[in-house]
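Let's take a friendly walk through this structure, one contact at a time. Please keep the 3D view open as you read.

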Amino acid sequence: MSSYEARFKVWRGDVQGGGLEDFEVEVNDGEVVLDIIHRLQATQAPDLAVRWNCKAGKCGSCSAEINGRPRLLCMTRMSVFDRDETITVTPLRTFPVIRDLVTDVGFNYTKARQVPAFVPPEGVGPGEYRMMQEDVDRSQEFRKCIECFLCQDVCHVVRDHEENKQAFAGPRFLMRVAELDMHPLDAAEETGLDRKRTAQDEHGLGYCNITKCCTEVCPEGIKITDNALIPMKERAVDRKYDPLVWLGSKIRRR
Amino acid sequence: MATGTEPPATASDRPRGGVRTGTRAAIAAPHLRTDRWWLAPAATAAGLLAFVVYSTWRAFANADYYAAPYVSPFYSPCLAENCVPMKAGPNWELFGSWWGISPAIIILIFPLGFRLTCYYYRKAYYRGFWASPPACAVAEPHASYTGETRFPLILQNIHRYFFYAALLVACILTYDTVLAFRDEEYNWGHMGLGTLVFLVNIALIWLYTISCHSCRHIVGGKLKHFSRHPVRYRMWQWVGRLNARHMQLAWASLLSVALADLYVYLVASGVFDDPRFF
Amino acid sequence: MSVVDRQEWDVVVVGAGGAGLRAAIEARERGARTAVICKSLFGKAHTVMAEGGIAAAMGNVNAGDNWQVHFRDTMRGGKFLNQWRMAELHAQEAPQRVWELETWGALFDRTKDGRISQRNFGGHEYPRLAHVGDRTGLELIRTLQQKIVSLQQEDHRETGDYESRLKVFQECTVTRVLKDGEKVSGVFGYERETGRFFVLEAPAVVIATGGIGKSFKVTSNSWEYTGDGHALALLAGAPLLNMEFVQFHPTGMVWPPSVKGILVTESVRGDGGVLRNSEGKRFMFDYVPDVFKEKYAESEEEGDRWYDDPDHNRRPPELLPRDEVARAINAEVQAGRGSPHGGVFLDVSTRMPAEVIKRRLPSMYHQFKELADVDITAEAMEVGPTCHYVMGGIAVDSDSAAARGVPGLFAAGEVAGGMHGSNRLGGNSLSDLLVFGRRAGWHAAEYAGAARGERPRVDDVQVDTAAAEALRPFSTESGENGEDAEGPPENPYTLHQELQQTMNDLVGIIRREHEMRRALDKLAELRARAARAGVEGHRQFNPGWHLALDLRNMLLVSECVARAALERTESRGGHTREDHAGMDRAWRNVNLLCALADGADAPADGDAARGRIALTRETTEPIRPDLLALFDKEELVKYLAEGELYE
């Protein structure tokens, strides 16, 4: 057990402007960055704004950038840093800042609403759903998502290009499309909704250049790129760029 | 309202820019990473560049690609009249005498296209050469970005056709490896160091080819119900396990194919003789 | 005074966890324009922390299961103090609620024949918990969240506006329920982001704010659990029921400090984990109470054999009920045989090969690896009791979830009392949320529909008073008002820490009369100091201010817990009295109701030291005979008083 003084730089400010403020703060054994932020609140900066909730890596509220990397404050142990290192904490840099470490993540809620919901199969009542474990495995992986939006934050498509926010749903919601497209009982196709096609036409799958940062930052370890985005790209190819598949589907429909 | 659930105003003059602009937190630095984030893209770029330089030289050299019984994978199959005759080897004169330059160019398009459109290599060169992005959370230097939505990058979608072609090429290279079980006089049942090099190379080529994302999709990934296709489900799982190593296999097979070619070159140009085992 | 943004809705739901979202879905589907208010972002509610599963007698794994068996288990778990009609409805309706989630897109783990898989859990006779690995709560909240989005998409197609009939106000806090005479007329709250006040006018308000764990130092609960709903109901004139029953989970992490209290799932012990003290002794063998003597192993050898051969051996005492284990750990630590960080050792590393541990307990492996840097396959965990759940809550009507005494007020989920009696079974909380969330939404919508012709009026004076109350922490700082002459401004963070320490030490897992009296004195002192809690800065996303406002709620609720605990002179379920060990049948049919004492609802009252809670006893309604008939006579004798038995 030992404690020491750590040097922190925390971004403070709002949409009008702001900057990195220096702090020296006590750190005890076994603490995480969120503990230090809380200590700052309790002792030096009572109005330091930060979002947090479960403090156990399960709710995805305390997303921020630590030394320039998108991370959960509650899952970043202080022991991963050198004691003489200055630790920089900033808000997510892809979304409009509200105050201090809190950003407006409304972009994500807007995108969530643009993905058509699960379509229950006709004629199958509650209690009659039968699905095999191997058929739900893939979508279950995506449903581990805690919606921390770190993948949305790190994705250069919107991080570096504000103008793409309109057309691009971001990894989290392209993964949601994949989740529904792989759901064994989703009946979207029967209602004329082709999720494979809309992934590209409406949710901007083509913007993704599979550079895998979303997978790198995912605190749940979901293989977003390999298991959701690339399979969706392949499914879009089935629909749009594969004459053999196209021909096959024409013949079968006859 | 707090953290607006209302849709943003759809202004016609949409704001542009990246992390340093608009309503984002005012931070001048393009990134605040303190680790050596540039190492990975730099190493990737260096590795790819080295291969490009080497393979360009070898592909255009049009020499020292056959040292019986070994044929360089860069020149197999050899499809022009100006190929060195290889006994029982992969000579098919589909292209007539009009083809003047190195016959490697004809065939290399396929493995090259396969690798160029490969989901792993795309990541590697987008990051390493195009800095889009250079590394995670490091601002990219481009003013605009459309990803793979337009020509030419929309062509990346044809990856699966290159995969089909790559399967053929892999078959031919397998045939070449079988031929490597001969000696210089074309007698069967012999092995040299080159045979081993070829064996390792073909194994890695196959693993890389099979672990491709398109392959994973074709064998089973496209299905909605695995439970109705148990065999394809098994195959999908197996390809999936390989696919998790796609990056490592991409590099290993890139290196091995270059080494196999280098080996042939060294033997063919007489630097040393192929050590025979039996 | 203040110009406050006002909107009209039919039903306002406070809280967006499982119960709140389920209520909102139901109200909207029944035609009510519904607003949901939550303190966090939409989808971050504490429900995500639930791991084990949703208890529902679907009988997918064991066909012998049915609602009667589930009802029986629930009543036993709650030591027969449960509001029996709630337990009955809960057991009957839970399967429907789970199946309905599937039609909204939920993906539970499956059985071999493709149905929802169910797992065993403490106190449940059959495998009953529908689950998704160890993240069932997340699946529940995400499914409800996505159902809300799908309803909004429907409204968008029809009206062109996503939020025309169902809107989520995220990151907003409600500080007062407003009333028109006896009836509810709306809520007053503020946006956390801007600090702006707003009023939502509505004839029906559903409270679904969860629990009170943040009043305790060591807790598995998140910051949101400040007892807001309990306090809102109290202040609106609705009584709270049986607040003394607080469940302490025996195994929470104790180190590092940052994660102290985070849950270590019960399945660690179920799979073979053992508890040891600093001397390396499996101490639980010394703590088997007489009533359980014949059901638990007497030697380590026998206990170890039970895992493979449960028919011929008795189970190890590590698997005693939660309250027994929690008490034993507490006693060992008190006796100086604790681990370095004040817990005991929970060890699986010497009991199972590393691969088995990683396969069976993946999230525990990661939790300890990432948060404590402890490899549980190589060394023991340190664990200790942690405040987990409050069984008490707003007194409600079993069928309609309507709060007693305040027309238009409804409550569901952890904030509502009665369902779980004195102790909750694992898995029953998620099903509780769904069953009573739906009922609250349904009856709130019906009530609002009936009130449509004549909407209750929002009283401007109440709005102004609420605004003044919310702004008070800023005026303390300035020091220009005469009212803060009594002392210096107080730091809300310090007050909160002292409150947590007090509740933890004096009204914690083991309770003694003199300690609870001390706690009440300390609470009175804190209440006086909280009136001077001051904050710096401005109203925009100011956590110090938010905490200063939450203190009111935590102090109110803490007083309820302490007073009720002092009053109940027996030990039952989540309430353990050292000076009154043992369950007393005479208390079986007694409910303790907390209400606001007369005149206590005056903000900035001069006499802050005076208690604000009045306690009354009430005899419960006799259990319906056909439900009693589900139990053996011999079993009922243990719980029910003579008089009750003969009726």
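This is a predicted model: local features need pLDDT of at least 70, side-chain atom pairs count only at pLDDT 80 or more; totals for chains, interfaces and linings use all residues.

Chain A is assigned two domains: domain 1 spans 4-103 and domain 2 spans 106-253. Taken over C-alpha atoms, the centres of domain 1 and domain 2 of chain A are 32 Å apart.

Where these domains of chain A meet, twelve residues of domain 1 are in contact with 13 residues of domain 2. On the domain 1 side of this contact in chain A, you will find six nonpolar, four polar and two charged residues.

## Where chain B meets chain A

Now turn to the contact between two chains, to which chain B gives 53 residues and chain A gives 56 residues. On the chain B side, the elements that give two or more residues are helix H3 (119-128), helix H6 (213-221) and helix H7 (230-243) of chain B. Of the side of chain B that touches chain A, H3(B) supplies the largest share, with five residues.

What classes of residue make up the side of chain B that touches chain A? There are 19 nonpolar, 22 polar and twelve charged residues on that side of chain B.

## The two domains of chain C

The assignment for chain C also lists a domain 1, covering 250-387, and a domain 2, covering 482-619. Between the centres of domain 1 and domain 2 of chain C, taken over C-alpha atoms, there are 32 Å.

Domain 1 of chain C brings five residues to the contact, and domain 2 of chain C brings five residues. On the domain 1 side of chain C, helix H8 (residues 322-334) of chain C gives the most, with four residues. By class, that side of domain 1 of chain C has two nonpolar, one polar and two charged residues.

## A helix pair in chain B

Finally, look at helix H5 (residues 193-210) and helix H8 (residues 246-268) of chain B, whose axes lie 8 Å apart and at an angle of about 150°. Because angles over 145 degrees count as roughly antiparallel, H5(B) is roughly antiparallel to H8(B). The crossing of H5(B) and H8(B) is left-handed.

Which residues can you pick out where H5(B) meets H8(B)? Those in H5(B) include B:Val197, B:Phe198, B:Leu204 and B:Tyr208, while those in H8(B) include B:Leu249, B:Ser253, B:Leu259 and B:Tyr263. The residues of this contact of H5(B) with H8(B) divide into 15 nonpolar, four polar and no charged.

Key
Residues are numbered from 1 along each chain as its sequence is written. Chains are lettered from A and ligands numbered from 1 in the order in which they are written. Domain bounds come from an automatic or database domain assignment. Two residues are in contact if their C-beta atoms, placed from the backbone, lie within 7 Å. Ala, Val, Leu, Ile, Met, Phe, Trp, Tyr, Cys and Pro count as nonpolar, Asp, Glu, Lys and Arg as charged, and the others, Gly among them, as polar. Axes are lines fitted to C-alpha atoms, for helices over the stretch in contact, and angles run from 0 to 180 degrees between N-to-C directions. Angles under 35 degrees count as roughly parallel, over 145 as roughly antiparallel, 65 to 115 as roughly perpendicular and the rest as oblique. A crossing is left-handed if the near helix is turned anticlockwise from the far one by less than a right angle, and right-handed if clockwise.
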